Amino acid sequence: MKNIVLFGPPGVGKGTQAAFLKDLYKLTHISTGDVFRNNIKNNTPLGILAKSYMDKGNLVPDEVTINMLEEEVNKFPNTNGFIFDGFPRTTSQAKALDLFLNAKNTPIKAMIALDVPEDILVKRILNRGLTSNRPDDQDESRIRHRFNEYQTKTAILIDYYTAQNKFYSVNGVGSLEEITKRLIKVFEAF
Ligand code: ADP
């Protein structure tokens, strides 16, 4: 089982690259942002709750997110492995994920971070906002707030996975194919 965390700030390309890697290695891709957005679309209680945080660019509370993630993982008992995209985003989430996966004897093998300068990311997200219909993509102050959430709550996870010898970083600037090739190189090394 090859479970990996695809990591990086908003707009870095996690979802796009996860889609390639999942096909290549027959993995299950879980994007917490996508699961929340599906719930919002279907007007579920979880969606209504998540929307009140997401639209402002805030993180959804840990307890809600962790329960949802565990439910998603449990839907795929026979998978070759997971690509986690957008999870974990806080130290509590990372600890919960370790406990949960270790109990199943399928720990995280690596965290691969995509690295892109913030000014490029803001442009990418505003551009995505033209077609994504995502309220959190359409306003520069909300985007900056998401970066602030990333810097204050999420970036620390680099230390968390480095301490476990599981941290890898890949340059996320370039063509989609170039970035996929860089990820494959890292992916095949562990
Ligand atoms: P991006 O990484 O481009 O911001 P995502 O789709 O991954 O997009 O996330 C969108 C929003 O969904 C986040 O800003 C946050 O409100 C919520 N969200 C997604 N994953 C998590 C998580 N692990 N913990 C808390 N909130 C989350």
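Helix α2 (residues 32-41) supplies the largest share of the shell around the ligand, four residues. Keep that helix in mind as you work through the exercises on this predicted model.

**Exercise 1. Describe the shell around the ligand: which residues come nearest, and how does the shell divide by class?**

*Solution.* 
- Step 1: Start with the residues around the ligand, of which there are 20. The nearest of them are T32, R37, N58, G86 and R146.
- Step 2: Sort the shell by class.

**Exercise 2. Find how far ligand atoms are from N or O atoms in the side chains of R37, R89 and Q93.**

*Solution.* 
- Step 1: Take R37. An N or O atom of its side chain is 2.8 Å from an oxygen atom of the ligand.
- Step 2: Move on to R89, where a side-chain N or O atom is 2.9 Å from a ligand oxygen.
- Step 3: For Q93, look for a nitrogen atom of the ligand; the separation from an N or O atom in the side chain is 2.9 Å.
- Step 4: With a cut-off of 3.5 Å for a pair of N or O atoms, each pair counts as a polar contact.
- Step 5: Now turn to the cover. On its own the ligand has 550 Å² of accessible area, and the protein covers 97% of it.

**Exercise 3. Locate the ligand among the pockets and describe the one that holds it.**

*Solution.* 
- Step 1: The ligand sits in the largest pocket, which has about 960 Å³ of space.
- Step 2: Its lining has 46 residues, and K14, R37, R89, R128 and R134 are the closest to the centre.
- Step 3: Go through the elements. Those giving two or more residues to this lining are β1 (3-7), α1 (14-25), β2 (28-31), α2, α6 (118-132), α7 (140-154) and α9 (176-187). Helix α2 gives the most, six residues.
- Step 4: By class, the lining of the largest pocket holds 16 nonpolar, 19 polar and 11 charged residues.

**Exercise 4. Describe the second largest pocket: what lines it, and which elements give two or more residues?**

*Solution.* 
- Step 1: The space in the second largest pocket is about 170 Å³.
- Step 2: List the lining: R37, I40, K51, M54, D55, S132, N133, R134, P135 and D136.
- Step 3: Two or more of the lining residues come from α2, and likewise from α3 (45-54).
- Step 4: The class division is three nonpolar, two polar and five charged.
- Step 5: Compare the linings. R37 and R134 belong to the lining of the largest pocket and also to that of the second largest pocket.

Conventions: Residues are numbered from 1 along each chain as its sequence is written. This is a predicted model: local features need pLDDT of at least 70, side-chain atom pairs count only at pLDDT 80 or more; totals for chains, interfaces and linings use all residues. Side-chain values use heavy atoms; hydrogens and water are left out. A residue is near a molecule or strand if one of its heavy atoms lies within 4 Å of it. A polar contact is a pair of N or O atoms within 3.5 Å; within protein, one must be able to donate a hydrogen and the other to accept it, and residues adjacent in sequence count only if both atoms are side-chain atoms. Accessible areas come from the Shrake-Rupley method with a 1.4 Å probe; for residues, only the protein chains shown count as cover. On a 1 Å grid over the protein atoms alone, a cavity is a set of points where a 1.4 Å probe fits but cannot get out, and a pocket is an open set with protein on both sides within 12 Å along at least five of seven lines; lining residues have an atom within 4 Å of a point. A molecule sits in a cavity or pocket if more than half of its atoms lie within 2 Å of its grid points. Grid points are joined across faces, edges and corners, and a volume is the space filled by probe spheres set on the points. Ala, Val, Leu, Ile, Met, Phe, Trp, Tyr, Cys and Pro count as nonpolar, Asp, Glu, Lys and Arg as charged, and the others, Gly among them, as polar.
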